[in-house]
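Let's take a walk through this model together, with an eye on its surface and its charged side chains. Have a look at the picture below, and then we'll go stop by stop.

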Amino acid sequence: MAGRRDTGLAALAGLAAGAVTLGVGSLVALLTGPSTDPLVAVGAAFVDATPAWLKDFAASTFGTADKVVLAIGEVVVVLALAALAGVLAARRWAWGATLVVVLGAVAGLAAMGRPDAGTLAAAPAVVGAIAGLLTLRELVRRLPGAPQRPRPEGVERRTFLQATAAAGALGVVGVVIGRVIGAGARGAQSARSAIQIPRPATTAAPVPAGVDIGVDGVEPWQTPADEFYRIDTALVVPQVDPQTWSLRVHGMVEEEVTLTWDELLDSDLVEAWVTLACVSNPVGGDLIGNQLWLGMPIADLLARARPTADADMVLSRSIDGFTASTPLAALTDGRDALLAIAMDGEPLPVEHGFPVRMVVPGLYGYVSATKWVTELRVTRFADATAYWTDRGWSAEGPVKTQSRIEVPTQGNSVPAGSVVVAGTAWAQHRGITGVQVRVDDGDWNDATLADDGGIDSWRQWSWTWDAEPGSHELFVRASDPQGPQTGAVADVIPDGATGYDTVRVIVT
Ligand SMILES: Nc1nc2c(c(=O)[nH]1)N[C@H]1C(S)=C(S)[C@@H](COP(=O)(O)O)O[C@H]1N2
Ligand SMILES: [Mo]
């Protein structure tokens, strides 16, 4: 009977067949689109099916590297299953074959279930699984000691290993070619470089020189575009050609409107500084950034469509199926709610929503900042729910007033005497009216605010502490016109974290 060594060889056969499956799958996906690649499709379905707590855990544990971690985890699982298929096939062909068919079916169904799935979405998984099955059958037949191959053991072993290595190598080459060509074929980057951003009809108010408080270690007031945090459910960044892009406004409207890219460029564009924040940002976290956006006021577009009187929500949808529920009022009350086409004077980076995304001051991104947006459905909160609402988050997500200490950092040791404590506070669309710092359980001390860049942007602050030796804990709280932020500790789920940011400092 099969010994341990034979099991190892059978597992190798399974791995090689698995590589062939993935290689063929990713080559076929060159024809059917990156989101139909079996690994990508399964990963995306996993992301959508993952309960909110797990995704929150992934985002907070791995930061925005969570997609890389997911991909590595997925490959490990797939390789383990492929090895298992080899071992099963060596014992009884039908068992191994069944596992391959089931895995192929799972990947095919996952691809067909993607919101942007075409009719051939399952093709990479199906063709890949067939290639994998054929490979597995050939390799299992060549397993040393297999009944069909009554040959001397050494020769058998050598031909088996050669065939397995060749199959495995072909599979890996297929994956690499698929990935490299697929990445090169991503059209959006070249379309993006060809774009001339028009001049705004309304420019942003000039930013006072003192918005940056001038303390080393404080995050810049304007977040560099290439350092802007990225949060989305997209495993492959949607590639949208502006020339074929359009935005459909429909639902509870007097008149359906379809906006094209050229119409958008020709409209009266407005420039605005807006701080965008993620609801998953923990207290003191960095899933937040401030930028200069340029876009068409969403109110102008809605004015053409004329929402009916009983509508109270706009469900925006991206090309890859993500949806966000934004209160209609926030889009029409005069704030700078934009269909943004530029960030920092440049076309949107592809991963930040090229060619068009929404930006709405005062609301967390998950209910307002739809990237790669292609549809606005005017509806009611009572009638429709959005992507994250279906996963346990609140239907509405106004940004909570928050503040963070950026210097000194946690666990720092500083010499006694004058110590500058500084950081950033935000209360988008209400504005920061004050920041206070507390040492241990002392009184709150007023911090100095940096210049004000507008109520939709965050605001820097600093306070000079007369530090006495020992271990101390610093607390910060910000105020908006309604009063100070709450110190009550709340998790990010369901509608944003609260509590004071704190750092422990050793004064020597
Ligand atoms: N299409 C799409 N748009 C999306 C998301 C998404 O998953 N898909 N995530 C939203 C969330 S949760 C946030 S916080 C912001 C983040 O925007 P950024 O990646 O440009 O910083 O995008 C929003 N827009
Ligand atoms: Mo978010």
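Leucine 30 sits in helix H1, where helices (H or I, at least four residues) and strands (E, at least two) are DSSP runs, numbered from the N terminus. Because its relative accessibility is 33%, leucine 30 counts as partly exposed; buried means under 20% relative accessible area, exposed over 50%, and partly exposed in between (1.4 Å probe, protein chains only). Before we move on, a word on the ground rules: this is a predicted model, where local features need pLDDT of at least 70, side-chain atom pairs count only at pLDDT 80 or more, and totals for chains, interfaces and linings use all residues. Residues are numbered from 1 along each chain as its sequence is written, chains are lettered from A and ligands numbered from 1 in the order in which they are written, and side-chain values use heavy atoms, leaving out hydrogens and water.

Glutamate 227 lies in the loop between helix H8 (188–193) and strand E1 (246–251), and it counts as exposed because its relative accessibility is 54%.

Now for the pairs. Side chains of opposite charge can pair when their charged atoms come close. A salt bridge here is a side-chain nitrogen of Lys or Arg within 4 Å of a carboxyl oxygen of Asp or Glu, and the count comes to 17 salt bridges.

Arginine 141 and glutamate 138 make one of them, at 3.6 Å from N to O. Both lie in helix H6 (residues 123–141), 3 residues apart, which is about one turn of the helix. Another joins arginine 335 to aspartate 333, with the closest N and O atoms 2.8 Å apart. Is arginine 335 buried or exposed? Arginine 335 is buried, because its relative accessible area is 18%, while aspartate 333, at 43%, counts as partly exposed.
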